[in-house]
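Here are my notes on the model you sent. They go from the whole chain to a single residue.

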Amino acid sequence: MLIGSHSQHFRMIFDTGSSDLWVSSEKFSPSVSDTWQLLTTKPVELIYGQGLVQGILGSDESCVLAEPEPLCVRQELLVATTVKDLSLGTFDGLLGLGLPGISHARQDFLQSLMKAGYGNGHLCFSFSLRGEEAESFALFGTCSEVLRQASEETGFPQQAAAHLWVQHFFGMQPGWWLVSAAISSNGTRVWQGPDILSISLCEISAMMLFFVLYQQRRLFDLPWRPRSMGRCRRCLWQTCHILWDFLQGIFLIFLLTCAFLILVTVAVHTFQSEVTAALDTGTSFIVIPPDDFQQVAAAMFGARLKDSCVVDKTELLCACGIAEEANPLDIRMDGVLFRLHPRETFEIKAQVVLNGDQQACRSGFATQAVPFWILGDPFLRQAVVAHDLRGNVTVFPRQVKLDDDIVLAARTFSKLS
């Protein structure tokens, strides 16, 4: 971005999870800009999920560098003198591209673009997030052009993409790009020694019970059973019956207990739920509310969750070696399937080991006390999302599931905007 009369150049995070523009005071000096206007002398604070910024609020000429020409408006922005618990890396600030409901400004950047006539009244934008091997980019323009480019990049037709309305959270004005999604993970069981022992014991007890039930009638109808007996002998015979019935009961209880233990031990963990999720380019994880997190993690990692994974603050770290045996997370939007497999989301976390000798990986998943899911970079790298300021999104998958095979649908897109 360019900010100020002297077109100071800044590298910015484009964040669809917020709606404010701010830049670090270490990079931008309002005193050297002739177009800077101070709006309030009181310090202003912006609070994020895991951090905050504080600074002075003003307005200035702000431009997003684009081709063939930059997108320029006069925009309210915060010059941040304090940045806490936010990792900017090589970036100088943040441009919020959320909706007005979560903006602290009287008019957010997207509203300013609309008011300036960009998009001819139908402004849309999309992101193409890539890994380290390719450059990510954003596209702003008319909705028809943004949708056409997204379809061309992914090779996925517009009519087959996921078309979703943005939801209003708690009946408020739209702020986050919230959509509805069906999320599931079907776990599989990894057999271990105690499981085999439990099954063996139950098999033995089942055989014993079968023998007892089969032999009971023959045992008490043997020829040596007396036709008539005295009171003592009759009492003894009845006592034998009672003891035999008692033993059968013990065997039956033992069998049922073993069956229950097997059911508990080898039960397959699964997760399936309709959720509300925010599409957020400013988040590096799939963030899961605490109520769902344990079930999702158990469904994806099974028995390895306890011995090979740990939650570090909010982030789930796992041993890199379990990525291949973990189960994928399926996200369905408007009938379109997006599949996230741990082997694609795992990233090595340098100088961190688990259990003394296992290299740790960032799983791509985290948990926070949030009221909805947050679909960050691991999901957005598998999709191109066209955001329509009228309150809807169109999600194009980069991968298409055909039967049991995953077929890459992305094609090279050379035009950068």
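Predicted model: local features only at pLDDT ≥ 70, side-chain atom pairs only at ≥ 80, totals over all residues.

1. The protein chain has eight helices and 26 strands.

2. Of the 417 residues in the protein chain, 47% are buried. The accessible surface of the chain is about 22,300 Å², and carbon and sulfur atoms account for 56% of that area.

3. The largest nonpolar core contains 72 residues. Phe301, Met333, Trp373, Phe379 and Val395 have the most contacts inside this core. Helix α5, residues 290–301, contributes the most to the core, with seven residues. As background, nonpolar side chains tend to be buried together in soluble globular proteins.

4. Asp377 lies in helix α8, which covers residues 377–380. Is Asp377 buried or exposed? Asp377 is buried, and it has no salt bridge. The nearest side chain of opposite charge is that of Arg381, 4.5 Å away; a salt bridge would need a side-chain nitrogen within 4 Å of a carboxyl oxygen.

5. What does Asp377 touch beyond its neighbours within four places in sequence? With those neighbours left aside, Asp377 is in contact with Leu129, Asp280, Thr281, Thr283, Ser284 and Phe285.

Conventions
Residues numbered from 1 in each chain as written. Heavy atoms only, no water. Helix = DSSP H or I, 4+ residues; strand = E, 2+ residues; numbered from the N terminus. Buried < 20%, exposed > 50% of the residue type's maximum accessible area, 1.4 Å probe, protein only. Lys, Arg positive; Asp, Glu negative; His and termini not counted. Contact = heavy atoms within 4.5 Å. Areas by Shrake-Rupley, 256 points an atom, 1.4 Å probe, with all protein chains shown as cover. Core = buried A, V, L, I, M, F, W, Y, C linked by side-chain atoms within 4.5 Å.
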